[in-house]
Amino acid sequence: MLSRLVLRRVVGRYVGGTASVGGSVRSTHHQNHQQGEAKDYTQQKWWSAATILGAGAGAAFWLSYNYHAEAASSLTVGEKEEEGFGAYRSGLPEYTLDEVARHTTIKERIWMAYRHGVYDVTEFIAEHPGGDKIMMGAGGSVEPFWALYAVHKNPHVLNIFETYRIGNLAAADVGTSVSDMSDPYGKEPRRHVALKPSSRKPFNAEPPLPLLADSLITPNELFYVRNHLPVPDVDAASYELELNDELSNNEKTLTLQDIRKYPKHTITATIMCAGNRRSEMTKVKGVKGLSWGQAAIGNATWSGARLCDVLKDLGVEDGKTDALHVQFEGLDTDPASMPYGASIPIEKALDSHGDVILAYEMNGEPIPRDHGYPVRVVVPGVVGARNVKWLGRIIVSKNESDAHWQQNDYKGFAPNVDWDTVDFKKSPAIQELPVISAVCEPLEGDQVEVKEGKIKVRGYAWSGGGRKIVRVDVSSDGGHTWQATDTLESDSSRHPHAWGWTLWTTEVPVGKGAKTGSEVELCVKAVDSQYNTQPENFANIWNLRGVLANAYHRVQVKLKF
Ligand SMILES: Nc1nc2c(c(=O)[nH]1)N[C@H]1C(S)=C(S)[C@@H](COP(=O)(O)O)O[C@H]1N2
Ligand SMILES: [Mo]
């Protein structure tokens with residue numbers, strides 16, 4: 001636990017901006033609509049993703065670099081580090097990312113990639129117990145971990161890493177996508193192995209929970225992915241966004257360059273899927289939906305044009321339109337060529353403080369393909385489903401989007417409503433999300449060290465609608481007694497424009513009689529700036545789609561004195 005405290009200091013800020021091995025943002029073809037033909041969307045041919053080794057506490061790996069610093073090879077350090085480390089080195093064997101992905105256990109050796117380099121880090125991990133965090137990236141790129149811990153500029157770490165170099169990454173795999181034209185999912189981007197898929201076609205995955213609490217900004221490659229359809233292959237040079245006001249019949253087409261000409265607006269915003277934490281609700285009674293854990297959420301900076309500026313040029317202004325909704329369509333289409341779609345109320349779209357943006361950057365880089373390249377709408381404070389990726393069309397209308405996802409999905413219902421009685425017209429579409437929180441560490445079943453009668457607990461909390469987290473309460477006795485957390489970490493934005501999440505840390509006392517092996521139930525609830533808090537249990541909020549799963553997060557752990 002001590003190393004964790006030190007790590008906190010190292011973590012500090014996210015440093016972005018390096019080229020990425022695992023996530024490609026390059027594309028060379030125009031968007032690939034699956035016009036007409038009904039394709040088999042369930043076929044399960046896929047590149048081999050590696051298994052992910054056990055998650056847990058400790059990150060001694062990143063802190064023990066001095067051990068090897070002496071033995072490190074004499075590569076150029078300082079300004080040239082990015083050129084020297086991970087650069088192509090002649091005379092070394094070449095490996096593909098698929099080969100790297102097959103090395104995820106001590107027995108098979110643990111490999112990782114960084115830029116052009118392939119590394120065998122088995123000995124390093126063996127010599128340094130507590131390297132659990134890097135184990136989560138076994139068989140993949142180490143890069144997002146360096147973003148997470150902000151140490152990738154440290155020449156010591158890079159020097160050590162370079163001593164484990166065993167080969168070069170096949171040139172075609174340095175920033176690649178997999179190409180198989182016969183499969184609608186044949187042009188998917190390559191994902192980081194640390195993302196744990198709950199479905200592959202379409203691709204849906206969340207990162208290991210403990211990583212989330214390590215950085216206020218979630219690195220792009222570790223940001224959860226929620227796709228309903230194949231990822232479209234969009235060429236930025238020929239990309240066009242269509243705009244249409246159904247009331248005035250004004251129309252317009254914008255290129256990426258046109259969108260970039262608007263004043264660049266940057267916000268920090270959390271995006272969360274309505275189904276985040278669904279797997280806990282499922283324990284009450286089965287629900288329909290992907291079984292998300294607690295990590296279908298992430299926090300990023302997003303830059304782009306403000307939607308209200310763009311709509312103004314279409315003649316749509318606050319107080320001067322009778323429109324009620326703004327609809328969005330994606331460039332991803334189903335087998336019948338219907339695009340993904342959603343809408344938001346016009347008030348949110350036109351609010352100059354609403355911060356809705358047509359984003360072309362995520363954490364300072366072009367938005368990765370999985371997250372909407374080249375343009376996605378970011379509707380801060382509003383459920384993930386309305387943050388339409390690969391934005392193809394904006395329609396100003398008197399009506400909501402008639403897309404499936406707006407009308408017949410992403411709605412809440414009472415616990416008695418089942419699939420025989422449900423009438424989707426009776427519930428409003430989810431927009432702003434309620435307050436939620438989760439423990440990221442320790443994990444369910446972990447053995448946790450007690451120090452001076454206390455255990456360390458960390459996690460996230462967030463509320464929709466721009467509400468700020470003002471307090472997070474943690475209990476170590478199943479909710480009988482509570483203690484407010486010591487540390488809340490967030491960006492500086494204020495209610496009602498606090499779009500980003502809050503990370504929290506606390507040391508919570510355990511009961512007097514506790515001893516090694518005692519089991520305790522940790523639970524957490526957050527309070528937002530409107531003093532809303534979370535429901536106590538899932539039985540009371542159960543709904544057939546398993547959305548809005550924001551009851552207290554409960555985690556059973558064993559104590560170790
Ligand atoms: N075009 C399009 N936009 C989309 C989706 C999609 O499938 N297609 N999924 C939505 C849902 S349900 C969520 S939760 C978020 C997920 O965003 P992410 O994959 O960047 O995390 O994107 C939303 N926008
Ligand atoms: Mo979602």
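**Close-up views of a predicted model**

**View 1. Ser476 and its loop.** Ser476 is found in the loop between β22 (469-475) and β23 (483-484). Strands are DSSP runs (E, at least two residues), numbered from the N terminus. Ser476 has 10% relative accessibility and therefore counts as buried (under 20% relative accessible area, 1.4 Å probe, protein chains only). A polar atom of the Ser476 side chain lies 2.7 Å from the backbone oxygen of Pro509.

**View 2. The shell around ligand 1.** Ligand 1 is surrounded by 20 residues, each with a heavy atom within 4 Å of the molecule. The closest are Tyr224, His228, Asp332, His371 and Lys389. β8 (225-226) and β13 (325-333) each supply at least two shell residues. By class, the shell has nine nonpolar, six polar and five charged residues; Gly counts as polar, Tyr as nonpolar, and Asp, Glu, Lys and Arg as charged.

**View 3. Polar atoms facing ligand 1.** An oxygen atom of ligand 1 lies 2.7 Å from a polar side-chain atom of His228. For His371, a side-chain N or O atom is 2.6 Å from an oxygen atom of the ligand. Asn387 places a backbone N or O atom 3.0 Å from a nitrogen atom of ligand 1. Taken alone, the ligand exposes 540 Å², and the protein buries 100% of that (Shrake-Rupley method, 1.4 Å probe).

**Notes.** This is a predicted model: local features need pLDDT of at least 70, side-chain atom pairs count only at pLDDT 80 or more, and totals for chains, interfaces and linings use all residues. Residues are numbered from 1 along each chain as its sequence is written, chains are lettered from A and ligands numbered from 1 in written order, and side-chain values use heavy atoms, without hydrogens and water.

How values were computed
A polar contact is a pair of N or O atoms within 3.5 Å; within protein, one must be able to donate a hydrogen and the other to accept it, and residues adjacent in sequence count only if both atoms are side-chain atoms. Helices (H or I, at least four residues) and strands (E, at least two) are DSSP runs, numbered from the N terminus. Buried means under 20% relative accessible area, exposed over 50%, partly exposed in between (1.4 Å probe, protein chains only).
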